[in-house]
Amino acid sequence: SKRVDGDALDALIIGAGFSGLYQLYLLRDRLGLKAQVLEAADGVGGTWYWNRYPGARCDSESHSYCYSFSKELQQEWEWTERYPEQPEILRYLNHVADRFDLRRDIRLGTRVAAARYDEAGNLWHVTTASGDHLSARFLITAVGCLSTANVPKIPGLESFAGSWYHTGEWPHEGVDFRGKRVGQIGTGSTGIQAVPVIAATAQHLTVFQRTANYSVPARNAPLDAAFKRWVKDNYDAIRDVTRATTNGHPFTISDRSALEVTPEERQALYEQAWEKGGLQFRATFRDLLVDKAANDTAVDFLKAKIRAIVKDPKTAALLTAFDHPYATKRPPIDTDYFETYNRDNVTLVDVRTAPIERITPGGIRTRDAEYPLDIIVFATGFDAMTGPLLRMDIRGRGGLTLQEAWDAGPRTYLGLQVAGFPNLFTVTGPGSPSVLCNMPVAIEQHAEWIADCIAHLRDRGLQRIEAKPEAVERWVAQVNEAADATLLPQAASSWYLGANVPGKPRVFMPYTGGMAHYRSICDGVAARGYEGFALTD
Ligand code: NA7
């Protein structure tokens, strides 16, 4: 194999979360490349390093929210709960880093500021925030999809006399809510996890809701010995299921239509799913995400459940004032979320009809009231998918910036490459199905495809791969077509559309055609000699 000139590395990987750790393992230990990871944080873990907010837990079930590439790792690691809590996932990723001796090639506390492609040398030159320079033949972004905090620019925030936090940049020492009046903005998956936990200790919690959100009980519980045994004995079968399903979860979507069963049968099936809990609820019928009438049956069921839980009818009405079909925004799952509104120390405020006008030294002022607060929690989500990529100054061929290339929204081929940016791979990039999928399943596929691609180039003495503009064109059209075949674009405020960040181009970013189908598309592209890519020496 040809080694890159001078001190250049074969590959630089940005980020040491689920993606970056596995990508390093593949490139270094399976391909024997000189590879290094640059990580902004002072530890590995990515999402699970930063998201330490109260109640932070994964919505995927633990036996599927893990790597499948190593049988030894699967056998030695033991999950304790149905859904892993943030500290446990962080311990797992640290274990992986140690077990595969990855740390020696990870530079922590190293934020990438800029990356420039040098055409003559066919090298990526990377500059870190502290001014260090590194170069590599291949640059792989493993920066996550939900890693750039979205803190809304509400006037007066700088004048707030109390403390404020974004859930995705939570202080490591934690936050003590005892005796405090807390305001939380946001009722997405994160906000819905945080509310019950904050309410348990705060003097008072005021939740500022802009859009009512659906949620289904998670039914989290410790795993018993029998289940743990079953998981260890069946990892191969679990992997086969997660690889064959639309969303990478260890359950399959029913092949029944919600409209072909009797109302009684439908009710019974929803009841069963509600009792079982978790993201499986949306798998109750095959057509919930494609047929509005089918979706309406889920909406009716969930409304009735919420109304039965929440005692105050005004609060219940606000919590069920949905403006989008069920699961067209990422559906949260919860532990006692709706029940928490029955506590005396919790108030729900509707900021759809009376928006937040400003933050004052003493709290939050909406159009019609002032709420005195000691702490504000921003559970306001992320500049999803493109945010972490665009905040780096990435320049491809001829100095083309990624900002310019994506001026009207992200354009990729398979979510993996951008035309004009040779040898740059974006793990779980926009245009991939990753955010609609159980993440480790998507990540393993991406990282393996990229490693196979680099091996293919090396074996043929090729130095460069770049997505062809016409392939990007076709993929963007395919992503749009797939989205339009579903109800997902109907959720006007969804982060899938970039609608949660003011000024962000409205483009439906994830590929909705399903993970299994996407995998076969990627395999086909590779089998046909990397169709749609230009490979050169
Ligand atoms: P989300 O799902 O983007 O939720 C953010 C929430 O914050 C949502 O309820 C937003 O209301 C609300 N929000 C955002 N900006 C504002 C302003 N300016 N005023 C009032 N309310 C606001 O982020 P999460 O962190 O909960 O979840 C992200 C993903 O992590 C999740 O989908 C899983 O994949 C894991 P809106 O709906 O926009 O009206």
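## Packing of H1 and H14

Helix H1 (residues 18–30) packs against helix H14 (residues 439–459) at an angle of about 30°, and their axes lie 9 Å apart. H1 is therefore roughly parallel to H14, a term for angles under 35 degrees. Axes are lines fitted to C-alpha atoms, for helices over the stretch in contact, and angles run from 0 to 180 degrees between N-to-C directions. Helices (H or I, at least four residues) and strands (E, at least two) are DSSP runs, numbered from the N terminus.

The model is predicted: local features need pLDDT of at least 70, side-chain atom pairs count only at pLDDT 80 or more, and totals for chains, interfaces and linings use all residues. Residues are numbered from 1 along each chain as its sequence is written.

## Residues of the helix contact

Among the H1 residues that meet H14 are Phe18, Tyr22, Leu26 and Arg30; the H14 side includes Met439, Ile443, Ala447 and Ile454. Contact requires C-beta atoms, placed from the backbone, within 7 Å.

## The open sheet

Five strands form an open sheet in the order E7-E16-E8-E9-E12, with parallel pairing; a pair needs at least two DSSP bridges. Strand E7 (163–166) and strand E12 (346–350) are the edge strands, each pairing on one side only. On average, neighbouring strands of this sheet are turned by 20° against each other, direction ignored.

Strand E8 (residues 181–185) runs parallel to strand E16 (residues 375–378), joined by 4 bridges. Glutamine 184 stands opposite valine 377 in E16. Helix H5 (residues 189–201) packs on the sheet and touches E8, strand E9 (204–209), E12 and E16. The direction of H5 makes about 170° with that of E8.

Technical notes: Angles under 35 degrees count as roughly parallel, over 145 as roughly antiparallel, 65 to 115 as roughly perpendicular and the rest as oblique. Two residues are in contact if their C-beta atoms, placed from the backbone, lie within 7 Å.
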